[in-house]
Amino acid sequence: MNPIIASDGSGGAIITWYDARNGTNWDIYAQRVNSSGTVQWTANGVAISTATGNQQYPTIASDGQEGAIITWYDYRNGNDDIYAQRADKYGNLNPNPHILSVKDVTNDQGGKVRLTFQRGVDDTLTSARPIVSYGVWRKIPPALAAQRAKTEFRAPANDTLGVLYDFIVSVPAVQSPKYNVVAPTFEDSSSSGIHRLTFLVTAHTATPSIFYISPAESGYSVDNLPPLPPANLAGSLASGNFVLHWNPNPEDDLAGYEVFRSFVPGFNPDTMIALGSTRDTSFTDEDLAEGKIYYYALRASDIHGNISLKSSELQFIAGSTSVDKIKKSTRFAVYQNHPNPSSSGTVIKYELPGIEHVSVRVYDMAGRLVATLVDEEQDAGVKLLEVNTGNLPSGIYSYRLIAGQNVSVKKMVVLR
């Protein structure tokens, strides 16, 4: 019904009408014919609008680029509203480029995302106004935008008007269906929070005033690489104390080092509380007992929370000059407390290979001693230690069990 025609600007025409082919409601369709009368779009026309309710009485005007802008009465909301849609010369309703994804560049030190976008429809050799290049833009964070002069690129109407974008890079159009661009970010996301950045893509023709803008999309970058394990851990005696020293790590984003000490070799730092931390490449242990054998190792961490593997271990016998690298490992059994979390009480099970002096102490997450549960000599065998947690505030704690030269640390949760 009601066909309306407009010139396509190149000897042909675009016709629009309202159409009931889909049922009882009217929809808007359109078709383009060339100067010979041959149809150029999908057989029986392109659907301009098939929204609910009736769409009727279309009108049409050329867009000046061999396409058209069509407007109509629309009853999808129960009232007489006016809607409009542009169809380009190929019958596409969205000729703009489209960002498909903004993802972290994996296995790097962060600071970059890979932006993948779909080309604009005029990125062809046969287009009358072919796209010659694309621009990638990054939204300026509000705090930084307030400091910038208001002369840079402004966001399109589908974003907040007046928000500024930084131009990042220009990409030549090579008629590829998709493009990939690595774009820099301001900061990386980590366990402390997600720092998203918003991007958009512009498609440019040889005529500066004719360009297309994609919808905006966001993403974030992550530092995926932990630091290297600290190298060349060594030690020396100084005024009765044991001084550890090692080579500095090469990473630019290094935050510091954690120092671990155990009474057994082959220990796992993930189950322990660090003896201390430092940003220097040395650490002094002043808490030594004559004749005790100590084992030391380091881990490095970066500003994004990545933690290195454990360094090589170093053995030191207090009261001697023996300092050796460790190559063997021993274990004793300490089990996770049950129940965990607990509200009033829990049980810690452990096994001793022989007669040992046993110490079991509970610490809060700041490393402060909360309770001493055991401090006595015990014989070999399986032990069940009942712990009253009713007096502890809700939170995460660690318990450290030391039996002779054996040590184990596990986490315990109190929840009410």
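Tyr57 sits in strand E5 (residues 55–62), where strands are DSSP runs of at least two residues, numbered from the N terminus. Keep in mind that this is a predicted model, with local features needing pLDDT of at least 70 and side-chain atom pairs counting only at pLDDT 80 or more, while totals for chains, interfaces and linings use all residues. Residues are numbered from 1 along each chain as its sequence is written, and side-chain values use heavy atoms, leaving out hydrogens and water.

With 40% relative accessibility, Tyr57 is partly exposed; buried means under 20% relative accessible area, exposed over 50%, and partly exposed in between (1.4 Å probe, protein chains only).

Now for Thr16, which belongs to strand E2 (residues 13–19). Is Thr16 buried or exposed? Thr16 is buried, at a relative accessible area of 0%. Leaving aside residues up to four places away in sequence, Thr16 touches several others, including Pro3, Ile28 and Ile70 (contact means heavy atoms within 4.5 Å). A polar atom of the Thr16 side chain also lies 2.9 Å from the backbone oxygen of Tyr29.

Next comes strand E18 (residues 254–262): seven of its nine residues are buried, so E18 is largely enclosed by the rest of the structure. Here are the pairings of E18; two strands pair if DSSP finds at least two bridges between them.

| Partner of E18 | Sense | Bridges |
|---|---|---|
| E21 (residues 293–302) | antiparallel | eight bridges |
| E19 (residues 276–278) | antiparallel | three bridges |

Zooming in, Arg261 has Tyr296 in E21 as its bridge partner, and Tyr257 stands opposite Thr278 in E19.

Terms used: Helices (H or I, at least four residues) and strands (E, at least two) are DSSP runs, numbered from the N terminus. A polar contact is a pair of N or O atoms within 3.5 Å; within protein, one must be able to donate a hydrogen and the other to accept it, and residues adjacent in sequence count only if both atoms are side-chain atoms.
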